[in-house]
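Subject: Handover of a structure

Dear colleague,

Please find below the structure that I am handing over to you.

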Amino acid sequence: MSDISAKAPWKSHLGDVPFTLDYFDGSMFEAVEAIAEKYPNNIAFDFMGKSTTYKALVKEVEACAKALKTIGVREGDKVTIAMPNCPQAIQMFYAVNLVGGICNMIHPLSAEKEIEFYLNESESVTAITLDQFYNKFENIRQNTKVVNIIIASIKDELSKPVKAGYMLTEGRKIKKIPEDAPVIRWNDFLRLGRHCFYNYKVKRTGSDPAVILYSGGTTGTTKGILLSNRNFNALGQQVIAANPMFRPGDKMLAAMPLFHGFGLGVCVHTMLSQGGRCILIPRFTAQTYAKQITKYKCNFIAGVPTLYEALLRLPSMGKADLSSLKGVFSGGDSLSIELKKKFDKFLYDHNAKIQIREGFGLTECVTASCLTPPHMAKEGSIGLPFPDTYYKIVEPGTDRELPYGEEGEILIAGPTVMMEYIKHPDETAATLQTHSDGLTWIYTGDLGMMDEEGFVYFRGRAKRMIITSGYNVYPGQLENILDAHELVHMSCIIGVPDPYKMQKVKAFVMLKPGVPQNEESKESIMAYCRKHIAKYAMPYDIEFRDELPKTLVGKVAYRILEEEEAAKRGDIEDDVESPAAEQEAEEEKETATVS
């Protein structure tokens with residue numbers, strides 16, 4: 001390892017951040033349990049006005065684990081959690097870990113067919129979701145191996161006055177689940193655990209698998225990423241080490257969702273495994289986010305650039321006092337230099353003594369693996385690697401390291417690197433490669449460079465991808481779904497700049513001969529999309545075309561459609577060289593090489 005640490009130019013620029021750490025080798029639950037023994041009466045999380053201590057959290061997790069054991073969940077079994085940020089989701093997450101199972105984390109707003117895919121890909125035997133999502137699970141259940149569906153309700157975790165208000169507003173909109181529905185309701189589920197008298201705790205180590213998160217990987221095909229206890233526990237230790245100002249009891253606003261590495265890894269597990277306090281936000285809006293920051297005097301907030309853009313525009317933030325903030329982190333998408341300047345001024349104007357710090361990572365290493373240090377920032381940089389994490393820039397697809405200042409593919413190695421893509425051995429082998437330095441490197445597919453002091457700069461994506469409100473959307477996947485519709489001959493998906501979401505999804509569709517280009521056709525395709533595509537990835541519009549533009553090698557020229565959209569908004573200057581022309585030139589080159 002000595003030769004590799006010599007290749008770490010950031011080592012002498014870390015300030016108070018250590019270069020290396022000793023990592024806890026137990027399970028995720030054990031890490032939280034150790035904190036509960038140390039600070040039993042500290043608050044672990046707050047949810048809609050109700051607080052839960054660490055001592056109470058451990059008791060709740062153990063009760064949930066006994067119930068899981070009673071319904072037959074065993075070591076290595078997969079349990080799907082399709083929940084917003086709420087207490088039952090936290091309890092279930094650590095309970096599955098305690099009985100030796102693997103948590104399969106999915107978006108509760110996923111379309112039916114996506115849920116079916118996630119349940120089958122993970123081979124889940126049990127699933128938990130909220131009452132309002134029951135029908136989606138019931139409709140596809142027979143196509144899966146799921147034995148038990150547990151139904152939780154937000155109202156069960158609310159204090160009496162808040163519950164009354166909830167039932168008059170949100171609660172009224174939720175369809176009643178039939179009495180004889182083949183599900184286990186949350187409170188009945190917990191009661192089952194009272195009959196568990198045998199040992200329900202399964203000993204797990206750091207190297208055991210613990211969580212499946214989903215990503216497009218490096219090719220844009222949805223894959224389950226298998227992560228270990230050590231991946232999550234190491235991340236918790238790294239995040240705190242990279243923030244020496246953190247103290248136990250500090251409050252983190254947990255609005256990023258649990259199916260996202262950022263939300264689960266940084267906002268929840270880092271806090272709960274290191275003695276922090278999570279402010280859980282079940283449904284994210286900029287308004288609720290802003291309200292909680294000031295109500296709880298939060299010390300740390302994390303979000304995507306979209307969020308910070310929205311906060312700047314909120315009238316309610318006008319007189320907000322942000323002096324409690326110790327850390328503001330941005331990830332999930334590039335933070336523009338302009339937005340950083342605007343938000344730093346906003347922080348200063350609202351009594352904060354800090355600036356926004358950009359980080360970088362990917363689900364293949366849980367989430368962040370690089371962060372701007374507290375003591376120095378460089379314009380446009382995503383910061384320095386976390387302790388025991390190594391970055392290098394290589395000629396794309398090779399192991400040939402490039403000199404400082406030269407652009408290439410970003411590779412990452414360290415204790416948070418995933419175990420594998422489940423059921424995709426070929427792609428795992430292509431993405432995880434062990435080099436002569438003895439380290440296993442993730443080939444990220446992202447382009448960047450490193451300067452002589454080890455600061456990393458993100459330069460763009462080698463893969464075609466749209467980022468909307470921090471979520472990765474892969475156009476190829478959506479095109480495959482659209483092309484399968486009976487009315488569609490061919491489709492193309494592009495990202496359109498949006499002041500709030502950064503990008504929104506637009507579909508261009510060429511209908512089959514004889515199909516009319518009318519509202520009826522559009523609604524038929526939209527209804528189909530709603531069934532197959534997650535809400536956040538849904539096209540906001542479908543534009544019909546008689547023909548779609550093609551490149552010289554016959555592919556749909558998505559760049560031309562992007563340019564046309566940009567031209568409508570007056571974004572393109574006449575003298576700018578056309579990216580579509582560049583795409584065609586590139587593809588001609590590819591064809592020449594192939595032939």
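This is a predicted model: local features need pLDDT of at least 70, side-chain atom pairs count only at pLDDT 80 or more; totals for chains, interfaces and linings use all residues.

Residues are numbered from 1 along each chain as its sequence is written, and side-chain values use heavy atoms, with hydrogens and water left out.

Helix α17

Helices (H or I, at least four residues) and strands (E, at least two) are DSSP runs, numbered from the N terminus. Helix α17 comprises the 14 residues 519-532. Its end C-alpha atoms are 20 Å apart, which agrees with the 20 Å that it should span at 1.5 Å a residue; the expected span is 1.5 Å times one less than the number of residues.

Which residues of α17 are buried? They are S521, K522, I525, M526, Y528, C529 and H532, where buried means under 20% relative accessible area, exposed over 50%, and partly exposed in between (1.4 Å probe, protein chains only). Because they cover an arc of only 160° around the axis, they lie on the same side of α17; the arc is that of the directions from the helix axis to the C-beta atoms. On the other side of the helix, E519 and E520 are exposed.

The cover over the buried residues of α17 includes α5 (112-122), α16 (475-483), β25 (488-498), β26 (502-511) and β27 (541-544). S521, with a relative accessible area of 6%, is one of the buried residues. Beyond its neighbours within four places in sequence, S521 is in contact (heavy atoms within 4.5 Å) with L487, L511, V515, P516 and F544. At the start of α17, a side-chain oxygen of N518 comes to within 3.3 Å of the backbone nitrogen of E520.

Helix α16

N480 is located in helix α16 and is exposed, at 56% relative accessible area. G476 also lies in α16 and is partly exposed, at 32%. The C-alpha atoms of G476 and S491 are separated by 9.7 Å, the two residues being 15 residues apart along the chain.

Cavities

A cavity is a set of points, on a 1 Å grid over the protein atoms alone, where a 1.4 Å probe fits but cannot get out. The structure holds 3 cavities of 30 Å³ or more. Residues lining the largest cavity (with an atom within 4 Å of a point) include L14, V17, A242, R357 and F386.

Yours sincerely

Definitions and conventions:
A polar contact is a pair of N or O atoms within 3.5 Å; within protein, one must be able to donate a hydrogen and the other to accept it, and residues adjacent in sequence count only if both atoms are side-chain atoms. On a 1 Å grid over the protein atoms alone, a cavity is a set of points where a 1.4 Å probe fits but cannot get out, and a pocket is an open set with protein on both sides within 12 Å along at least five of seven lines; lining residues have an atom within 4 Å of a point. Grid points are joined across faces, edges and corners, and a volume is the space filled by probe spheres set on the points.
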